[in-house]
Amino acid sequence: PRPGQDGHCGNFNGNSGDDTTDAIRARIGMGVPQGESLFRTYTPAVPGKRETLSDCPPAKKAKAEQTCRAAGRTDLEACTFDACFAGTQYVNEGM
């Protein structure tokens with residue numbers, strides 16, 4: 001980590017308590033303007049809207065959870081969320 005580093009995944013200071021969505025948004029705002037985004041697909045942040053596992057379609061959620069269990073993940077809820085919304089290719093990251 002570099003001093004002052006902060007972003008969607010937190011500030012990498014080892015304190016997960018200050019990496020909540022509310023804390024991150026308080027520090028850096030709602031998101032990156034489209035012109036500054038590094039990604040080809042741009043989805044603007046919507047104030048007040050936070051995806052939850054309830055927003056994941058049942059079949060996709062079942063596949064995500066199955067993939068996390070097969071990988072031996074112990075953080076099943078977080079892994080299932082990430083796999084559902086970002087993709088199952090990320091299941092083995094951060095283990």
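The model discussed here is predicted, so local features need pLDDT of at least 70, side-chain atom pairs count only at pLDDT 80 or more, and totals for chains, interfaces and linings use all residues. Residues are numbered from 1 along each chain as its sequence is written, and side-chain values use heavy atoms, with hydrogens and water left out.

Q: What makes the pairing of the Asp-18 and Asn-13 side chains a polar contact?
A: The separation is 2.8 Å, and a polar contact is a pair of N or O atoms within 3.5 Å, of which, within protein, one must be able to donate a hydrogen and the other to accept it; residues adjacent in sequence count only if both atoms are side-chain atoms.

Q: Why is Pro-44 called partly exposed?
A: Its relative accessibility is 47%. Buried means under 20% relative accessible area and exposed over 50%, with partly exposed in between (1.4 Å probe, protein chains only), so Pro-44 counts as partly exposed.

Q: How do you know that the buried residues of α3 line one face of the helix?
A: The buried residues of α3 (residues 76-85) are Cys-79, Thr-80, Ala-83 and Cys-84. Seen down the helix axis, they fall within an arc of 130°, so they line one face; the arc is that of the directions from the axis to the C-beta atoms.

Technical notes. Helices (H or I, at least four residues) and strands (E, at least two) are DSSP runs, numbered from the N terminus.
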